[in-house]
Amino acid sequence: MNLYDRLALDIEQRIRDGVLRAGERLPSVRKACESQRLSPSTVLKAYYLLESRGLIEVRPQSGYYVGPRALGALPEPRMTHPVGASTALQVSDFIFEILEAVKDPAVVPLGSSFASPYLYPLDKLGRFLAAAARHMDPRATVTDLPPGNDELRRQIALRYLAGGVALAPGEIVITTGAMEALNLCLEAVTQPGDLVAVESPTFHAGLQMIERRGLKVIEIPTHPRDGVSLAALADALRHHPVKACLLMLNFQHPMGSLVPDDNRRALLDLLRHHDVPLIEDDTYAELHFDRHAPLATKALDSTGLVLHVSSFSKSLAPGYRVGWVAAGRYAQKIQRLKLSASLATTIPVQIAIADFLKQGAFDTHLRRLRSALEVQEAAMAAAIERYFPAGTRLTRPRGGYFVWVELPPNCDALALHRRALDEGISLAPGPIFSAKREYGNCIRLNFGHPWTEEIERAVRRLGEMLR
């Protein structure tokens, strides 16, 4: 990250925390240079960047001040209240139709489910992959069958240990991305016709997996900041035959919510009481903006009820399709299901990622990635505040790369999606995140791409369409 980006982010954080309030004067360029030990050009670039985002304003002969519409002017969305109880699903065709549009590289990717591939060390990973292919022990074609490459599972176990989780490598099963892991988990703990509890809104691919397995879904109200409602989930467990919960507790997709530690403990107590397994989709946990990672749910799991799913696709290696599940009491069953479903995950790719992790460069990369995403989130929020109409509500996630936008009640997200596509802009309309196609006035926007004039223009154009 550039020095001026870092200074701009620090000032924005002070605005977000309420240390700097609307109308207050920022340090002069000279004073900022002295206190931060930066050059005048660096400080000016940071101030210009904040001014372009609408966070500060310049007053002639006076200096720079926090703007009247500084960060925090838009309220967050409200707790969701999905209608009805359990439902069978018919969403896949609808979702595929909408997602097909984001493949076009000419379209501004605000509706994409992926961050920019240029944020990842793909060149360096490619060298590790080439070396793995050249030097692979032929015996690995057998020894690295499920549960997977021993060294990769050991490296993953070491990362769990750093997060406070003492996990045996034998509990970890390597999969072809998190998607395969989630599918295997659903197959391990449910039968066709069973009921699965999910957040509302929820990740659209989860709905497709549940539909494909012939399962039913019950949607649980979810807060955009604190995650799934424990009271509503407890009520569902009392009155419905829920067989599994498929939840995202860290930077939930699409809203970005983060379940507080006390709620996380209470959630596991509730599930233990009902003996209901938790399939935790935790693919965004490494993308936290705060100094410390969220509490690892696995650290609280004393009975093996948590099937913890993650992958390297969002944090390190998009396109390599390497994921895993720490499956608790279901580890052996998952391993056998993996063997029968796809035999093995590509072995040279497993070896390459294991070697990369051993080298110790992963955390250095993650620090850069998190910083970039945090800057991009701030730019996205500022642009939405600047261009979207009154009545808009906005989440401010502290990780991941999505924001959830609740538009004024009269706005139609599907109509906006179609009109935006006609002008080369993608977005993800709210109805694809609901079994009953709710959230007709909500959209999910991706801030996982470096902020450019093109993206700024696209957000401004969406605001003009809404107005």
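I began at the hairpin of β1 and β2, where three residues lie between the strands and Gln61 takes a positive phi near 65 degrees. I took strands (E, at least two residues) and helices (H or I, at least four) as DSSP runs, numbered from the N terminus. The model is predicted: local features need pLDDT of at least 70, side-chain atom pairs count only at pLDDT 80 or more, and totals for chains, interfaces and linings use all residues. Residues are numbered from 1 along each chain as its sequence is written, and side-chain values use heavy atoms, without hydrogens and water.

Next I checked the pairing. β1 (residues 56-59) and β2 (residues 63-66) run antiparallel over four bridges; strands pair if DSSP finds at least two bridges between them. Val58 has Tyr64 in β2 as its bridge partner.

I then turned to the interior. I counted as a nonpolar core a set of buried Ala, Val, Leu, Ile, Met, Phe, Trp, Tyr and Cys residues joined through side-chain atoms within 4.5 Å. Buried means under 20% relative accessible area (1.4 Å probe, protein chains only). The largest core holds 73 residues, and Ile384 and Phe388 are among those with the most contacts inside it. Helix α14 (residues 362-387) gives the most to this core, with ten residues. Apart from it I found another core of 29 residues, including Leu305 and Tyr330.

Leaving out residues up to four places away in sequence, Ile384 touches Leu74, Thr392, Leu394, Val403, Val405, Leu445 and Val459; contact means heavy atoms within 4.5 Å.

Last, I looked at the whole chain. I noted 16 helices and 14 strands. Of its 467 residues, 57% count as buried.

Note on methods: Buried < 20%, exposed > 50% of the residue type's maximum accessible area, 1.4 Å probe, protein only.
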